[in-house]
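Dear colleague, here are my notes on the structure you asked me to look over.

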Amino acid sequence: MTLALLIQSMVIGLSLGSIYILMALGLTLMFGMMHIINFTHGAVYMLGAFVIYYFFGQWGVPYVLAFFLAMILLGAFGFVIERCIYRPIKGGIEPTLVALIAVTTFVQAIGYPVFGTLDKHVPTVFHGMYSILGVGISAERLMIIPIAIVLVLGLYLFINKTKMGAAMRAIEQDKEAAALQGVNVNVVNALAFGVGFALAAASGALMAPIFKLDPMMGEQPLLKAFIIIILGGLGSIPGAILGGLILGQIDSIVATLLGLEPAFLLSFVFIILLLLFKPTGLFGHEV
Amino acid sequence: MKSKIRTVTLLAVVLLALLLFIALGGNYYAHLLALVFTNVILASSLRLSILCGQLNIGHSAFMSVGAYTSALLAKNLGVPFELSLLGGALLATVVGIVMGYPSLRLRGVYFAMVTVAFVEAIRLIVQIWVSLTRGMSGLSGIPKPSLLGMVLTTKTDQCYLALGLMVVILLILYKLEYSRLGLIWKSIGMADNLALSLGVNVAAYKLLAFAIGCFFAGVAGAFYAHFVRFLFPPTFDFLMATNILVYNYVGGRGHFWGPIVGAAFLSWLPEIFRGSEATRQYETIFFAITMLLTILFLPGGLITLPGKLSDLFRRRAESVPSSAPTVMTPGQRVAIQGNPKG
Amino acid sequence: MQRVISLLSLMLCAAVAITASGPGQVNAADNVIKFGVSTPLSGPAAAWGIPHKQATELVFDEVNSQGGIEIGGKKYKLEVVAYDHKYVIAEGVATVNRLISKDEVKYLSILGGAVAKANEEAVNEAGALTLPLAYAEGLVSPKNPLIFHSFPAPPETTTFWKWVKEHHPEIKRLATISPNDDTGWWSIKVETQYTEKLGYETVAKEFFERGLTDFNPILLRMLAQNPDIISVNAAPAGSVGLIIKQARELGFKGRFIHIGQVDTSVVSGIAGKQNIEGMWVHGYVETPLPEALKSWKERYTKKYGEWNATSIDFANPAFAFVAAVKKAQSLEPKKIAQALQTMEFDNLWGKAHFGGKDYYGISNQIIYAMPFSEVKDGVATMIVQLQPPHN
């Protein structure tokens, strides 16, 4: 592999990494605050993209408006799931897991009759091409980086500088103590679901013009996000960022060198080793 | 004692009914039942991990190892079925121990994540190792199962084999669960720190449960390989592993019969949806709804259904409002519900 | 414990009762010919499965509306019994098992290479006539006398490369990318053999897992070899769209070619109209649309509401079956198979027959003048119809 190819590969890896970070944000929040592996993350990502397809792609709503609509609608969906599924099950990890799997299966299956069977697309929002260190990168991919930064900052501020965020952190540390302090656990849980879903929808909405839309499009992002939060550590935002960047480089450089399957195998082996020797990931803390 | 005789008689009746069903049902039912029995084996063998409180979403990986090992031994080396089945199960156990041993320190979600990573890693290895497994082309030409040299050519015969395997494995698992070993596992599942403080070698027992589970998953895999006779790596994926877990939870986590009921119910359900004109287009959707409703309304699993139904009838029978207080203490509730084992 | 057992037994009885009363029994009328379809009706491959089922139903509906098929003086109606296999092997095997053992169909069509292979022995043992839509090496062979592949496969469609060589001699370096499964492997293997004989140099071969959306890493590797043309054989429309879009972003200026079959309108939407200019495809024509196709498109859209161009070729099994039953004047799979091997029939592209004995060893591959198009201004425009290299 020539040096030029390696550098180009790293640039691609950065582009991939930024996409992955975005995909991981919603999952990090829910994992960190509620210790739930949100299996519906992929399905919500897909729904966010389809909101863009209908509102922006078909009905002419301006993209920015449609983007916020996607976050709001799916945040509301998060409230619904918390109220109707998470709360009645009283938070047992395994039944919640099964229930979320059922919801995902349902949403993905219903996508085919409702959205149709052909792959869909959404018109490009940010036009233009740039050449970075010899690699052609489209403007829409580059835009992921600033938007991801904004969302990451927003999430960070929310968790660390707002009252609600403080409440979430309190519950994560010790649910009973927080309740004794007057924190309304149900409301905060609902909020965690809402924000987590909204973030998943946001990443789907951003990816919609870059890739294509189909009801199963959330599967890959779920898997990638999953790998990233393990790499980065439970609930750690810096961890998600670093994890995303690392995975982006693995998926790019190793794939260009050896092919895709070996690259994927490597990332799983990496996770296994990490889990065995430092389960809390790069930045996570003990649960 | 009387209750035990009744139980055994009931079981014998069910077994007889199954045998009759297989004998008369023809290829269609033989095929379905054989797969149901395989799923029961998978779900019940996973239960051992669940007893120990481990969230194990990796069972399909060991099924895969068992399947491919047995298939390759039989196809490429002419090993007779009984031995290739054993070989598959043993290799699955070895792989399970190799992977399980370092992972046992992990708890809860972390353990779950490592099992998922195992499933994907094994799937990818099988896919990449094309020269051995034919990778994504699929491994075909797997010989049919045979016993003592006699090939089981018909689906019906193969179904009897599956039934036999299932019954033997369930007996073993039952004995294990209701033995001292089972008690130790359950104590680990409920409070492993406490068990540890009492001198129980928690890690060793967890590994034992995991390894035995892998062995039977390997058996199920080997049978599957010689029954369907076509192996395709994505078959043994994360989705299948979660399905096996779902069988346990929908059936009921608290009882030995839970995975059996869950596996039987959820294996048969798609076939019912497939049969009805109305639901055929939307099989997957109905399946997901059924899963969801069961989790929401029967949190203890399907196993609790008879209990709840009889409660319902009992409450109807007591039409006279009782003088009991409306807020009951736990002690009172247990007393009213009677013997929870039914 | 006893309650549990009674619960189990009750469930078993209920399940049996419900399963046994499926539609299989209802239509035991003996003037109905049941044709089985095992195809992905949900999941990612639904884009193929649904037109497969719907095209078959449309053809049968039209035959039925004219009174059905007459065999020995008796009129028979055609009925489709379709099941969803979701492209999961176990379901593929279960659906075919149901079709053969419960619904007692003797003729069926299976979609999907891996699923068809998984069922190879089952359909042979049952003596069922199968008209699959499946790329799988070894599927068409003398050991499968009752399997008639109903879609042009790589050995047939690669003949287009001769046309490319004649009309575009400037193209010399060829890169291929396809899904990482048997369909992809076989397509690439056959294509590479053929093109290397013609003098093309294969500079890169890439495989991707289905479901991949970011092809940049492997495209980077491929484009470092400076190909003149990229063959996206066997890839579904969505993936093709992404591959083209990302390759163009990385600076690739050459042409694309897909001799499997792909809906270029979907590709155009995802990749951008200007990016697919000059692309060559097999099996998809938007203009000029022959009369037969215009009419089919109208009838299909009228019945199903959404047009799907894949239905054109996926109607082949239905057309072949109807014509063969008429000719054989029999309901026996073996006799219908004989008819299939010796007759000509019409499909939507013209005259077709089953042949390929020289290549496969048995005349069980569908042969007809395959349409090839070039995308001009975003529209797939037919440029030539070619017969396969073997008859």
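1. A salt bridge is taken here as a side-chain nitrogen of Lys or Arg within 4 Å of a carboxyl oxygen of Asp or Glu. By that criterion the structure holds 30 salt bridges over all chains, and it should be kept in mind throughout that this is a predicted model.

2. One of these salt bridges joins the side chains of A:Glu140 and C:Lys245, with a distance of 2.9 Å from N to O. The pair crosses between chains, since A:Glu140 belongs to helix 5 (residues 139–161) of chain A, while C:Lys245 belongs to helix 10 (residues 237–249) of chain C.

3. What does the interface between chain B and chain A consist of? On the side of chain B there are 35 residues in contact, and they meet 37 residues of chain A. The area buried between chain B and chain A is about 3200 Å², and 86% of this area comes from carbon and sulfur atoms. Between chain B and chain A the count of salt bridges is 0, and the count of residue pairs in polar contact, both at pLDDT 80 or more, is 2.

4. The elements of chain B that give two or more residues to the side touching chain A are helix 3 (81–103), helix 4 (108–128), helix 9 (238–251) and helix 12 (283–297). Helix 4 of chain B gives the most, with 13 residues. Sorted by kind, the residues on this side of chain B divide into 28 nonpolar, 4 polar and 3 charged.

5. Turning to chain C, an open sheet of 7 strands runs in the order 7-6-8-9-10-14-15, and its pairing is mixed. Strand 7 (201–208) and strand 15 (379–386) of chain C each have a single partner strand and stand at the edges, so one side of each is left without a neighbour in the sheet. From one strand to the next, the twist averages 20°.

6. Within this part of chain C, strand 10 (residues 280–282) and strand 14 (residues 370–376) pair in the antiparallel sense over 3 bridges. C:Trp280 has C:Glu374, in strand 14 of chain C, as its bridge partner. Helix 7 (residues 160–167) of chain C lies across several strands, among them strand 6 (173–179), strand 8 (229–231) and strand 9 (255–258), and runs at about 105° to strand 15 of chain C.

7. Chain C also has an open sheet of 3 strands, in the order 11-12-13 and with antiparallel pairing.

8. Strand 11 of chain C pairs with strand 12 (residues 350–355) of chain C in the antiparallel sense over 4 bridges, and the bridge partner of C:Glu344 in strand 12 is C:His353. Helix 14 (residues 316–328) of chain C packs on the sheet and touches strand 11, strand 12 and strand 13, with a direction that makes about 140° with that of strand 11 of chain C.

9. Two local backbone features of chain C deserve a reader's attention. C:Thr287 and C:Pro288 are joined by a cis peptide bond, with omega about -10°, and C:Pro288 is found in the loop between strand 10 and helix 12 (291–304) of chain C. C:Glu104, a residue other than glycine, has a positive phi near 55°, and C:Glu104 lies in the loop between helix 4 (89–102) and strand 4 (107–110) of chain C.

Definitions and conventions. Residues are numbered from 1 along each chain as its sequence is written. Chains are lettered from A and ligands numbered from 1 in the order in which they are written. This is a predicted model: local features need pLDDT of at least 70, side-chain atom pairs count only at pLDDT 80 or more; totals for chains, interfaces and linings use all residues. Side-chain values use heavy atoms; hydrogens and water are left out. Contact means heavy atoms within 4.5 Å. Buried area is the accessible area (1.4 Å probe) that two parts lose on being put together, summed over both. A polar contact is a pair of N or O atoms within 3.5 Å; within protein, one must be able to donate a hydrogen and the other to accept it, and residues adjacent in sequence count only if both atoms are side-chain atoms. Ala, Val, Leu, Ile, Met, Phe, Trp, Tyr, Cys and Pro count as nonpolar, Asp, Glu, Lys and Arg as charged, and the others, Gly among them, as polar. Two strands pair if DSSP finds at least two bridges between them. Axes are lines fitted to C-alpha atoms, for helices over the stretch in contact, and angles run from 0 to 180 degrees between N-to-C directions.
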